[in-house]
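Please keep the sequence at hand while reading.

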Amino acid sequence: MFIFRKIDLVFHSSVMANSCRKLVFNIYIGFYCSAVIMPQKGICSQFTSSPIDEFNKDPEAFPVATNGEIFPWHELRLPTVVIPLHYDLLIHPNLTSLDFAASEKIEVLVRDDTQFIVLHSKDLEIINASLQSEEDVRYRKPGERLTVLSYPAHQQIALLVPEKLRADLRYSVAIDFQAKLADGFEGFYKSTYRTLGGETRTIAVTDFEPTEARMAFPCFDEPLFKANFSIKIRRESRHIALSNMPKVVKTIELEGGLLEDHFETTVKMSTYLVAYIVCDFTSVSGTTSSGVKVSIYASPDKWSQTHYALEASLKLLDFYENYFDIHYPLPKLDLIAIPDFASGAMENWGLITYRETSLLFDPKTSSTSDKLWVTEVIAHELAHQWFGNLVTMEWWNDIWLNEGFATYMELISLNITYPELQFDDNFSNTCFEVITRDSLNSSHPISNQAKTPTQIQEMFDAVSYNKGACILNMLKDFLSEETFRKGIIHYLKKFSYRNAKNDDLWHSLSNNCLESDSTSSGFCYSDSKKTSNTLAFLQENVELKEMMATWTLQKGIPLMVVKREGRSLRLQQERFLSGVSKEDPEWGTLQERYLWHIPVTYSTSSSNEIHRHILKLKTDTLDLSEKTNWVKFNVDSNGYYIVHYEGQGWDELITLLNQNHTLLRPKDRIGLIHDAFQLVSAGRLTLDKALDLTRYLQHETSIPALLKGLEYLELFYRMVERRNISDVTENLKHYLLQYFKPVIDTQSWVDEGSVWDRMLRSTVLKLACYLNHAPCIQKATELFSQWMESSGKLNIPTDVLKIVYSVGAQTTSGWNYLLEQYELSLSGAEKNKILYALSTSRHQEKLMKLIELGMEGKVIKTQDLAALLFAIARNPKGQQLAWNFVKENWTHLLKKFELGSFPMRMIVSGTTSHFSSKDELREVKLFFESLKAQGSHLDIFQTILEAISKNIKWLEKNLPTLRKWLLISI
């Protein structure tokens, strides 16, 4: 699943991390969860005694079903005495009455004697249930009717059987059920779109990850319960039906004009990957080199926007089959753009669902960053067909094995298939985003306990996605790309159609080659030590499982402190804590028991060689072979750690940057800028020193490095502007326009140049216009007037489209015209740009109108409400408006989005985490306490409070320094 969003405002927050990645507008937002490690349990070892024994011992310990009877199971996890083998599903959605009727037969295997079967069901009306033994099926005997008990608190039903089911026998469970098509974005739900002619049409679509298959059919809704699925769907002739597998050739005609499509039986898979859709969409298709048919579906009026996705999907599917040395196992792959979709995309096996902006590309309105986004999401979801679908984590505590790998594979696949997109230069931002989150004490380990559906939803966050990807990239750099690839191929082949956990990955990476295999990284596997996962690396024994446990089973990120004394380098590691300085009383307690095995890399002025070392102790010493002028650690920012240079270390590096910055690699320059400002937040480096480091940027030739420096300066501007600190705001504005004037003045207002040339144009001109730079405002106003005069037919260059709309939205006539065009536009990319522009209005009544339209869900779809509130909260004129709205309408928002869902977390964090005053902190804390008292609690609440506290401390400590530095600099 792709869940991060893009919102186009830079802000000072540890909860929502800065980036130029995107979905809805322009900055990645993450999700956060608890911090306890859950014991991993296999399907065959979860219980030492049978459920019957437990029930008979103490029936009073069991909950009460809705009919007043004792419910025979009390755990959130299902018992494993009955396991599903095959589901036969028949679904009939009615798109007029907006409900569905269905029936299923589940073939199950009984592993231990039992008198009941427990499975998941949520908001389904069970009409009847029956059971057949193998003999009954063989002789076509009718099934025995079963008593059905329901326990909604655990989303479970129990089927009570008249006679005990016997171990090692198979049975067939038949259930008839019905329900309304859901109103939200989970389960089997309805989605609507408007045609060019103004007609509203309805489709029915599924979205089951992580725990919503139970909303569509009773099932064993846990990833460990893999099974095969045979699906039949009834529909009207004006619709088509899609599912994971291709349709069996013949469609059956039924009475009343209904048609019934039968789909081939799926491969063995988890319930959350099942998908089926009834719609009237059209498609474009192609075939991969291995013969897989790939189709892109969209509503008929948007068919023309599907062609780029087809090109990218064909190229990427070919790449993955070759890279993993495993054929995509299904005969077809469909990708479909859904009009109403909560996340970015969902990797259902063979039928991947996308938000329209994550799949469709309109050359007239989609910018280069939109193209990068679409390519990125397709790469992510196609990687899931192997990581997640073919091999699935045992439980949601290890969701990073799915999401971290899919995020990492974006980097690998796009570097090869689309080198012109220069994705490699942007990957460090993936790590920088999550470091902001992971450096708070409220972070959590990558592998983390999750029990309830809400806790499971919160696992889909920046730690699982970004940190997971970053430690994999660090491990690849440590092992070498070739060896890492061999290891993951071994992992995928060994666990195909099965479930895996952390240790299975480390074992595969440690045991895939012979002693004779060696790598450029200077290590080889020791054949005699294969069973102990030991690597021989630089003459040191490295236990891979032990090493990686320090990265996956404990939260946080290490800080490596370096002090140079002649030819000796003294290294010390500690836990990096943003917003907590060494002088704070809690610092020592927060450091206890934290130790990482850090694969250290460094370069020096003496040679181009990349030196390597593993720091496993709190302190260590390295000896340099020759005298050197400077040392730079964490080469190319491949390591997931921050570096602080004590003594003259930072001064030496700043001097180097000013004298000849090209002596350092571009990614190393980006890393220095990032680490310097992170160290300011931890009280380890003064702000003026970090700001001095950015002075070299006027000579910077690497656009990503230039943008990284600009990002921090803009972040500070937005923070002081929101707090209305007028003198610093004006001086920083003056400094930005003066210091970056050469860059601003050289930008053209046309779509040309490399990806990074175009990213620079969009970023710099957007900031210049935001700062009311007269030439920028003049040009944008001119283009907007021409566009209005052409009745919206003029093609404005896509790189500056959002800028032009934002300037135009500052007048009443422009704002009203944009809202009209928003309703008419068929391009999701353009609608996002217009909605962002509308949210920048300085008139609160206009901002309130947008919120009302978002709540209504017609003009502005409900799926965009979270991003809209986020954007309005970043507008100085809208921050209090958005926050007040959330407080006053919390109950109404919960009717639209589930508590732990990404939209709700985005709403609550997006409207609060940028606060930076004690009064705001007190107000937010009281609100969270009131929610907790009502039973609404999220782990992200603590993250937000910590982020606000950090912002307060940052301003208290650094505002005088910033004020003084600006006075000297302008």
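How many bridges join S19 to strand S20, and do the two run parallel or antiparallel? Strands S19 and S20 (residues 351-355) run antiparallel and are joined by 2 bridges. The model is predicted, with local features requiring pLDDT of at least 70 and side-chain atom pairs pLDDT 80 or more, while totals for chains, interfaces and linings use all residues. Residues are numbered from 1 along each chain as its sequence is written, and side-chain values use heavy atoms, without hydrogens and water.

**The sheet**
- The open sheet has 5 strands in the order S16-S17-S18-S20-S19, with mixed pairing; strands pair if DSSP finds at least two bridges between them.
- Its edge strands, each pairing on one side only, are S16 (282-287) and S19 (345-346).
- Helices (H or I, at least four residues) and strands (E, at least two) are DSSP runs, numbered from the N terminus.
- Thr353 in S20 is the bridge partner of Met346.

**The disulfides**
- The whole structure holds 2 disulfides, a disulfide being a pair of cysteine sulfur atoms within 2.5 Å.
- One joins Cys431 to Cys470, with an S to S distance of 2.0 Å.
- Cys431 lies in helix H6 (residues 427-438) and Cys470 in helix H8 (residues 462-479), so the pair ties together parts that are 39 residues apart in sequence.
- Cys769 and Cys776 form a disulfide with sulfur atoms 2.0 Å apart; the torsion about their S-S bond is about -100°, so this disulfide is left-handed.
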